[in-house]
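Please look through the structure shown here, starting with the chain as a whole and then turning to its parts.

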Amino acid sequence: MLYFDHNATCPVSAAARAAWVGAVERYIGNPSSPHRLGARADAAIEEARKRLGAWLGCDAAGIVWTSGTTEANNAVLHHAVLVGAEEVWISAIEHPCVLAAARRYFPKAHRLIPVSREGVVEIAWLAEELKHRRPGLVAVMAANNETGVLQPWREALALCREHAVPFFLRRRAVGGKAARERVGWLRFYDRLRS
Ligand SMILES: Cc1ncc(COP(=O)(O)O)c(C=O)c1O
């Protein structure tokens, strides 16, 4: 069978596999343990944090590791609750884990940003709505995981900046495929497992 659905997920690369196997064989300690093997694992994680921060062009201290994208998305939406967001707007084509988190944390206060028939987020809608209301978070994905359609996230980000609205960019479906971009200026960035 030929597999073309690399938007949803793709086979792990040989380099990533080798790096992962090497790390789990080398660092057998729990990074929270007080003994030397734990400290060694902890140092390796901190080194990885530094390198990822440099690669992403962001402050390494702001990187939060999670076990996967669902957890990351929940963390961001939960954070929105903690900082007092009254409502969140998410694109209508978001992955079910984002929709579910929005429903859970903002049961009566999440709005779906409409998309065109071609599956593209409607920037005109966002521009118009932001003139009247200021949500606590706007989430847009860089590419859709089902259709692969690239989204106008830069325009969405520019609008959010103009209106001082925190922006959550979800790049899971493009990570490792699109060119690297410096992301240090983004408020939230989901590139987990990419
Ligand atoms: C765009 C997108 N977001 C989130 C997820 C959920 O990811 P995870 O399995 O890492 O929790 C997926 C899974 O396919 C996805 O494609």
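What you see is a predicted model, and the protein in it has six helices and five strands. If you follow the elements from the N terminus on, they run in the order α-α-α-β-α-β-α-β-α-β-β. Of the 194 residues in the protein, 25% are buried.

Now find helix α3, which covers residues 69–82, and helix α4, which covers residues 96–105; the two pack with their axes 9 Å apart and at an angle of about 30°. Angles under 35 degrees count as roughly parallel, and α3 and α4 are therefore roughly parallel to each other. Where they pass, α3 and α4 make a right-handed crossing. On the α3 side, the residues that meet α4 are T69, T70, N73, N74, L77, H78, A80 and V81, while α4 contributes C97, V98, A101, A102 and Y105. By kind, the residues of this contact divide into eight nonpolar and five polar, with no charged residue.

The last stop is the ligand, which eleven residues surround, the closest being G68, T69, T70, H95 and N145. The shell around the ligand is made up of three nonpolar, six polar and two charged residues, whereas the contact of α3 with α4 has no charged residue.

How values were computed
Residues are numbered from 1 along each chain as its sequence is written. This is a predicted model: local features need pLDDT of at least 70, side-chain atom pairs count only at pLDDT 80 or more; totals for chains, interfaces and linings use all residues. Axes are lines fitted to C-alpha atoms, for helices over the stretch in contact, and angles run from 0 to 180 degrees between N-to-C directions. Helices (H or I, at least four residues) and strands (E, at least two) are DSSP runs, numbered from the N terminus. Angles under 35 degrees count as roughly parallel, over 145 as roughly antiparallel, 65 to 115 as roughly perpendicular and the rest as oblique. A crossing is left-handed if the near helix is turned anticlockwise from the far one by less than a right angle, and right-handed if clockwise. Two residues are in contact if their C-beta atoms, placed from the backbone, lie within 7 Å. Ala, Val, Leu, Ile, Met, Phe, Trp, Tyr, Cys and Pro count as nonpolar, Asp, Glu, Lys and Arg as charged, and the others, Gly among them, as polar. A residue is near a molecule or strand if its C-beta atom, placed from the backbone, lies within 6 Å of it. A residue is buried if 20 or more other C-beta atoms lie within 10 Å of its own, exposed if 12 or fewer, and partly exposed in between; C-beta atoms are placed from the backbone.
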